[in-house]
Amino acid sequence: MTERLYYADSYLTSFRARVVEKSTDGGAVYLDRTAFYPTSGGQPFDTGSIAGAPVVDVIDEGERIAHVLGAAIDADEVECRIDWPRRFDHMQQHSGQHLLSAVMAELFGMATLSVHFGAGSSTLDLDTPSLSAEQVRAAETRANEAVFENRPVSVLFADSAEDVGLRKASDRAGVLRVISIEGLDRSACGGTHVRATGEIGPVLIRKLDKVRGAVRIEFLCGLRALRRARADFETLTKVAQVFSATLDDSPALVASQREALKAAEKDRRRLDEELGVLMGRELYDATPADSLGVRCVVKRIASGALYPLRAMAEGFCARTKAVFIGVVEQPPTLLLAASPDSGLDAGKLVKAAMHEVGGKGGGASRLAQGSVPSAEALERAISLLTAPFAFPRD
Ligand SMILES: [Zn+2]
């Protein structure tokens with residue numbers, strides 16, 4: 001059985017221990033005592049070194065704790081060191097979580113369903129269908145006030161049969177390890193915690209997500225909160241610089257620019273269509289009529305949407321005896337337009353051609369369009385539509 005030194009002292013960063021066993025592959029060692037926290041209760045494991053070898057994972061096996069090492073060790077008596085910045089960061093997030101959960105219960109009667117401590121940020125799920133922005137602000141303020149009050153955080157042991165006023169009942173039997181935030185919270189927990197709320201540092205709540213009828217809040221404590229706030233500020237500054245505006249003016253400016261862009265897009269599309277119609281008329285005038293007096297033209301563009309060609313087809317076929325084929329090479333699509341006096345049914349012709357080349361399409365007698373699977377199928381469809389049999393004119 002491994003003696004868990006971190007239960008009594010979260011601030012122990014170096015210790016000596018005896019190696020009691022090594023796994024057969026030599027990758028994991030078992031010590032008689034350890035300050036290395038194994039992944040449990042949502043809190044990630046500690047890193048550091050054992051006899052100079054890096055600790056890459058710490059696993060709770062119930063009675064014992066396995067330390068997975070990045071290199072083999074030989075000694076029986078070993079000097080161990082915990083990576084303190086990582087451990088302290090975990091302590092800040094974990095104590096911060098207890099504090100936030102206590103505040104949510106105190107202010108709104110919301111219970112914490114589960115917690116997750118991530119490498120970047122942490123989350124807790126609240127038993128509530130919704131949480132307003134006002135509630136988030138109130139909880140964040142209350143949590144930070146409790147940080148300033150620098151309330152002692154202590155560890156006590158109590159029998160599970162005893163009523164010690166836990167925020168959330170524990171299903172463990174026997175002796176419970178209870179983390180107490182003076183005057184605010186008592187929770188059964190095996191994690192490592194700071195000794196007073198002041199050490200949690202700033203508490204920052206960020207995004208909210210709805211997850212299976214609960215609300216998941218993302219939060220950061222300590223230097224993580226500071227780094228995130230700095231990164232947010234830098235991002236907002238870049239946005240503001242684009243608009244040569246202040247940070248506070250930027251949201252309204254972004255919204256108005258977006259509206260202006262939408263209006264400009266709409267105008268551009270309308271102008272494109274007007275231009276297309278004019279170009280179609282011009283193209284008609286420049287296209288010689290065949291022996292039957294019909295003007296037929298194939299207009300190609302390399303890529304993009306069909307709608308500019310549709311406008312051109314409209315302009316072209318507004319005149320007499322006109323047939324217009326518009327082709328977009330990528331994605332391979334085409335349209336066929338015919339003037340009423342051309343004697344052609346565009347819909348039928350496109351449908352037949354698509355059937356032949358494995359494409360999809362159809363439309364009305366004056367205008368139809370189709371899309372095909374490949375460049376090769378597109379060329380075949382064009383030759384089918386321009387072949388003399390495709391134009392029965394009598
Ligand atoms: Zn805990």
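# Chatting through a predicted model

Biologist: Is C221 buried or exposed?
Modeller: C221 counts as buried, at 0% relative accessibility. Keep in mind that this is a predicted model.

Biologist: OK, and which cysteine sulfur is closest to the one in C221?
Modeller: That would be the sulfur of C189, at 14 Å, which is too far for a bond. A disulfide needs the two sulfur atoms within 2.5 Å.

Biologist: How many disulfides turn up in the whole structure, then?
Modeller: The search finds 0. Another cysteine to look at is C80, which is buried with a relative accessible area of 0%.

Biologist: Back to C189. Which protein donors does the zinc ion have?
Modeller: They are H94 through NE2, H98 through NE2 and C189 through SG, and they lie 2.1 to 2.3 Å from the zinc ion. Along the chain, the donors follow the spacing H-x3-H-x90-C.

Biologist: Where do H94 and C189 sit?
Modeller: In distant parts of the chain, 95 residues apart. H94 is in helix α1 (residues 84–108), while C189 is in the loop between β13 (185–188) and β14 (203–211). Both H94 and C189 are buried.

Biologist: Let's zoom out. How many helices and strands does the protein have?
Modeller: There are 7 helices and 20 strands. The radius of gyration is 36 Å, well over the 21 Å that the globule rule gives for 394 residues, so the protein is more spread out than a compact globule.

Biologist: What does the C-alpha trace span along its principal axes?
Modeller: About 105 × 55 × 40 Å. Of the 394 residues, 41% count as buried.

Biologist: What about the surface: which residues form a nonpolar patch there?
Modeller: V155, F157 and V175 do, with about 290 Å² of accessible area together. F157 lies in strand β11, residues 153–159.

Key. Residues numbered from 1 in each chain as written. Predicted model: local features only at pLDDT ≥ 70, side-chain atom pairs only at ≥ 80, totals over all residues. Heavy atoms only, no water. Patch = residues over 30% accessible without salt bridge, like charges linked within 9 Å, V, L, I, M, F, W, Y side chains within 5 Å. Areas by Shrake-Rupley, 256 points an atom, 1.4 Å probe, with all protein chains shown as cover. Salt bridge = Lys/Arg side-chain N within 4 Å of Asp/Glu carboxyl O. Helix = DSSP H or I, 4+ residues; strand = E, 2+ residues; numbered from the N terminus. Buried < 20%, exposed > 50% of the residue type's maximum accessible area, 1.4 Å probe, protein only. Donors = N, O, S within 2.8 Å, 3.2 Å for Na, K, Ca; no water. Rg over C-alpha atoms; globule rule 2.2 N^0.38 Å.
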